[in-house]
Amino acid sequence: MTAAAPPGLETPEVAIVRPAARLRGDLRLPGDKSISHRALLLAALAAGDSRITGAGDGADIRSTAGIVRALGVTVEQAADDGRTVDYLVRSPGVDGLREPEWILDCGNSGTSLRLWAGLLAALPMTAILDGDASLRGRPVARIIEPLRLMGAVLHARRQDSLPPVTVVGRRPLRSAHVRTPVPSAQVKSAILLAALGAEGETTITESVATRDHTERMLRARGVAVRTLPERGDGVTIALTGGGRVQALDERVPGDVSAAAFWLVAGAIHPDAELTLRGVGVNPTRRAAIDLLRRMGAEIEEAPGDSTAAVGSDAGEPTADLTVRSSALRAIDLDPSDVAAAIDEVPVLCLAAALAEGTTRIRGAGELRHKESDRIAGVSAGLTALGARVEVDGDDLAIHGGARLRGAATDSLDDHRLAMTFAVAGLVADGETAVGRPASASISYPGFFADLERIRA
Ligand code: S3P
C-alpha cells in the first residue's frame, strides 16, 4: 500500500503507487500558488508590515520569497506546517528596494520569472532573472515585446526568446495599449506590475479572460484597476500608474489546482468520498470543478468565507468541496476551456481516459510551454498505463473506458504530471511507478503523504 518514496524522502527516483480499495478523507490543501506569489511580491512594494497566512510552501513560492529578500526586504517565516507557511514581510516600500547583488533565482517558477520581470522593469536597478533547466526553455518574448512598448529595457538569450532575462529598469515607463499574444495571466500580470510605474493609463486586452488575482489584490491594496465591460474583441483591464501599493494582510485560500487531483481521484475511484476544505473558487480559476461536473462528477460545494479584506471584488471566495465516486462521460474542451483550466488539463485527461466516450481537447498548444511539454508528457504516461490518446498538433482525443494497468511513467520533473500519474496509480491494476516524483513539491509538498492518508 505504501509508495516506495515515503513522504520525507528527499529525492527518490521513483514512487510506487498501488491501487486503493477505498478513498476517504478530509484534506486541507497547500495555499494557492498564484495568490501566494502575488501576496509576497505586492508586500515587497508596500511600505510597512504585511502578514501572509496560509501561503503555499512549495519550492516555487520559496523562489519568490528569496527574490523579495534579495531586494532588501525582511521576510520572516512566522509558522510552517510543512505545506502552508505564514510570512511576515517588512518592506521599506518601493522606493527603498535595493538592487540585488546576485542573479535572482526563480528555480522552476515561470510565474516568478514573468511577474518579477514586469515589476523590475519599472524599478531603477539592473537585475538578472534565471532558473533551472526547465525554466531556461520557457518563452519570454511574450513579456519582453509588450514591456518594450512601455519603454522597458529587457534582454534575453536566443534573440530575446529564452531566460536568463536581464532587466535594466527605469522609472517612469510610459503607458501603452497592449493586446496580449496569448491568453496568459502571467503576461497580463507582468504588464500590470510594470504599469504601476508608468505615466498614464495602460490597458491590456486579452482574447479570453485569465485568472484575475493580480487585479483583485491590487484593488485591495488601493490601486485603481478597472475591468472594462467585455466587447467583441475580449476583456480589457485598465490601470493608471503612479499610485501607491498599500500594505495589507492576506489570507491565502487552498489551491484549487491542487484540489483538482483529489477531485479527479474521487470521481474515478469506485469507492470514494473526499472532502477538501477552504478551496479558492474564484470564478476565473474554478473551471476544473465545472468541467468535471460537466463530465458527470458528483461534486458538492458548500460556500466558505470570502478572504475579502476590502470590497467585494477584492477578496477570494472559498468553498468546501466533497467529491464522490462518479460515472464520468466525455466532453469537448475548446481553447477557452483550456485557457481557463490550464494547469488542470493533465489530470482532466486522466478523468477523460476513464470516462465513457471520446473527449476532444482543441487548442492546447500552451501546454507545450509549461514546466514540461505536457501534451507529450501526459500522452506518454497515460498511454503507458493503457489509455488511448491521440495527439494531432495541439489537439488531443482521449478515448474513454480504459482499464488502466500499472506501468512505468515519467513526470519529466513536472509536478502536475507526477501528481496525475500518482492519482492514476490509485485506480490502475498492479503497481504504477512515477518517475521523478519529488517534483510534486514544486506546488504541493506533502502530496504523497496525503495520497497515503486517503487510503481508507
Ligand atoms: C499562473 C498562470 C498560468 C499558470 C501558472 C500560474 C499565474 O500561466 O499556468 O501555473 O499565477 O499567473 P499562464 O498565465 O502563462 O498560462
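Colleague: R285 and D32: buried or exposed?

Modeller: Both R285 and D32 are buried. Keep in mind that this is a predicted model.

Colleague: What do their side chains form?

Modeller: A salt bridge, at 2.9 Å from N to O. R285 sits in the loop between β17 and α9 (287-294), and D32 in the loop between β2 and α1 (33-45), so the pair ties together parts that are 253 residues apart in sequence.

Colleague: What does R277 pair with?

Modeller: R277 forms a salt bridge with D26. The closest N and O atoms are 2.8 Å apart. This pair also links distant parts of the chain. R277 is in strand β17 (residues 272-280) and D26 in strand β2 (residues 23-28), 251 residues apart.

Colleague: Which residue does E273 meet in a salt bridge?

Modeller: R324, at 3.4 Å from N to O. E273 lies in strand β17 and R324 in strand β19 (residues 317-324), so they tie together parts 51 residues apart in sequence. E273 counts as partly exposed at 33% relative accessibility. R324 is partly exposed too, with a relative accessible area of 25%.

Colleague: How many salt bridges does the structure hold?

Modeller: The structure holds 41 salt bridges. Some share partners: R138, R211, D343, E371, R374, D414 and R416 are joined into one network that way.

Colleague: Where is R286?

Modeller: R286 is in the loop between β17 and α9. R286 counts as buried, because its relative accessibility is 14%, and the cut-off for buried is under 20%.

Colleague: Switching to sheets. What is the strand order in the open sheet of four strands?

Modeller: The order is β11-β13-β15-β14, with mixed pairing. The edge strands are β11 (177-179) and β14 (225-231), each pairing on one side only. From one strand to the next, the twist averages 20°.

Colleague: Which helix packs on the sheet?

Modeller: Helix α6 (residues 185-195). α6 touches β11, β13 (201-206) and β15. The direction of α6 makes about 175° with that of β13.

Colleague: How many bridges join β14 to β15, and do they run parallel or antiparallel?

Modeller: Five bridges join β14 to strand β15 (residues 234-240), and the two run antiparallel. One partner pair is L228 with T236, the latter in β15.

Colleague: Last topic, helix α3. How many of its residues are buried?

Modeller: 12 of its 12 residues, so by the under-20% cut-off α3 is mostly covered. Among the buried residues of α3 are R114 and W116.

Colleague: What span should α3 have, and how far apart are its end C-alpha atoms?

Modeller: Helix α3 (residues 110-121) should span 16 Å, because its 12 residues are taken at 1.5 Å a residue. The end C-alpha atoms are 17 Å apart, which agrees.

Definitions and conventions
Residues numbered from 1 in each chain as written. Predicted model: local features only at pLDDT ≥ 70, side-chain atom pairs only at ≥ 80, totals over all residues. Heavy atoms only, no water. Expected span 1.5 Å × (residues − 1). Buried < 20%, exposed > 50% of the residue type's maximum accessible area, 1.4 Å probe, protein only. Pairing = 2+ DSSP bridges. Axes fitted to C-alpha atoms, helices over the stretch in contact; angles between N-to-C directions. Contact = heavy atoms within 4.5 Å. Salt bridge = Lys/Arg side-chain N within 4 Å of Asp/Glu carboxyl O.
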